[in-house]
Amino acid sequence: MNNRKLLEIETDRLILSEVTINDLENIHKLHLMPEVDEFNTMGIPKTINETEEFLQPVIEAQDAIPRASYMWKVVLKNTNEFIGVAGYSLSNNKFKLGEIYYKLDPAYWGNGYATELAKRLVVLGFEYFNLHKVEAGVATKNVKSIRVLEKIGMTREGLRRKILPIRGEWIDNYHYAILEDDKRNY
Ligand SMILES: CC(C)(COP(=O)(O)OP(=O)(O)OC[C@H]1O[C@@H](n2cnc3c(N)ncnc32)[C@H](O)[C@@H]1OP(=O)(O)O)[C@@H](O)C(=O)NCCC(=O)NCCS
């Protein structure tokens with residue numbers, strides 16, 4: 001029997017629902033887009049089977065107790081259009097850390113959606129997961145995502161040199177984070 005209880009969250013304009021195998025095609029199409037992959041270590045999948053192999057453990061992780069990771073599909077509330085994905089990785093309970101990520105279809109960039117969902121993930125982290133600190137890593141040249149992390153009140157805590165393997169090169173990464181008692185305007 002499947003006892004999965006999936007976590008759905010909402011913002012003003014978005015609904016985030018945990019991914020299922022029915023999202024395979026949309027996620028595959030997203031992962032095929034070079035703009036989406038530019039600062040990502042995943043690389044463009046060669047076949048849909050490759051995306052399925054990526055998705056399978058994500059779905060299996062929904063059965064873990066306690067949960068250590070979440071991946072949501074992001075859809076527009078008004079039209080139900082799939083616009084991307086977002087996720088969380090959680091540390092064990094002692095450290096109370098969580099790390100967020102997001103990637104959206106370029107057709108929807110520049111509308112504040114990433115900022116809107118990232119704020120919601122931070123609040124979820126503190127209020128629902130009971131975290132102490134929410135973190136995010138970003139390639140140093142990923143100016144759009146850096147802007148998102150700064151808009152949600154994260155602090156750049158450091159530079160991690162050459163930790164991202166991207167298209168045969170080692171790429172630098174900034175480490176960003178927000179503490180539970182850091183100032184937030186949301
Ligand atoms: C990063 C990403 C999620 C941003 O999504 P989005 O919905 O367009 O983000 P928002 O609209 O909330 O905010 C983007 C900000 O970047 C700014 N921006 C856009 N292009 C920019 C540029 N070339 N230089 C500087 N800032 C830029 C926008 O103006 C906006 O800031 P503003 O509100 O102050 O004007 C999206 O570009 C994406 O999916 N990229 C590919 C995957 C990825 O890199 N994910 C992040 C991994 S850390």
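Let's start with the open sheet: 8 strands with mixed pairing, in the order S1-S2-S3-S4-S5-S6-S8-S7. Strand S1 (9–10) and strand S7 (155–166) are the edge strands, each pairing on one side only. Strands here are DSSP runs of E with at least two residues, helices are runs of H or I with at least four, and both are numbered from the N terminus; two strands pair if DSSP finds at least two bridges between them. This is a predicted model, where local features need pLDDT of at least 70 and side-chain atom pairs count only at pLDDT 80 or more, while totals for chains, interfaces and linings use all residues. Residues are numbered from 1 along each chain as its sequence is written.

Zoom in on strand S4 (residues 82–90) and strand S5 (residues 97–104), which pair in the antiparallel sense over 7 bridges. Glycine 84, for example, has leucine 104 in S5 as its bridge partner.

Now for the ligand. It has 20 residues around it, and the closest are Lys103, Trp109, Ala114, Thr115 and Arg147; a residue is near a molecule if its C-beta atom, placed from the backbone, lies within 6 Å of it. S5, H4 and helix H5 (143–151) each supply at least two residues of this shell, with H5 giving the largest share, 5 residues.

Over at helix H1 (residues 24–31), Ile27, Leu30 and His31 are buried. They sit on the same side of H1 because they cover an arc of only 95° around the axis, the arc being that of the directions from the helix axis to the C-beta atoms. Buried means 20 or more other C-beta atoms within 10 Å of the residue's own, exposed means 12 or fewer, and partly exposed is in between, with C-beta atoms placed from the backbone.

Phenylalanine 54 belongs to helix H3 (residues 48–60). Why is phenylalanine 54 partly exposed? Because it has 16 other C-beta atoms within 10 Å.

Most residues other than glycine have a negative phi, and most peptide bonds are trans. Isoleucine 65 and proline 66 are joined by a cis peptide bond, with omega about -5°, and proline 66 lies in the loop between H3 and S3. Lysine 162, in strand S7, has a positive phi of about 50° although it is not a glycine. Lysine 162 counts as exposed because it has 10 C-beta neighbours inside 10 Å. Arginine 167, in the loop between S7 and S8, also has a positive phi, near 45°.
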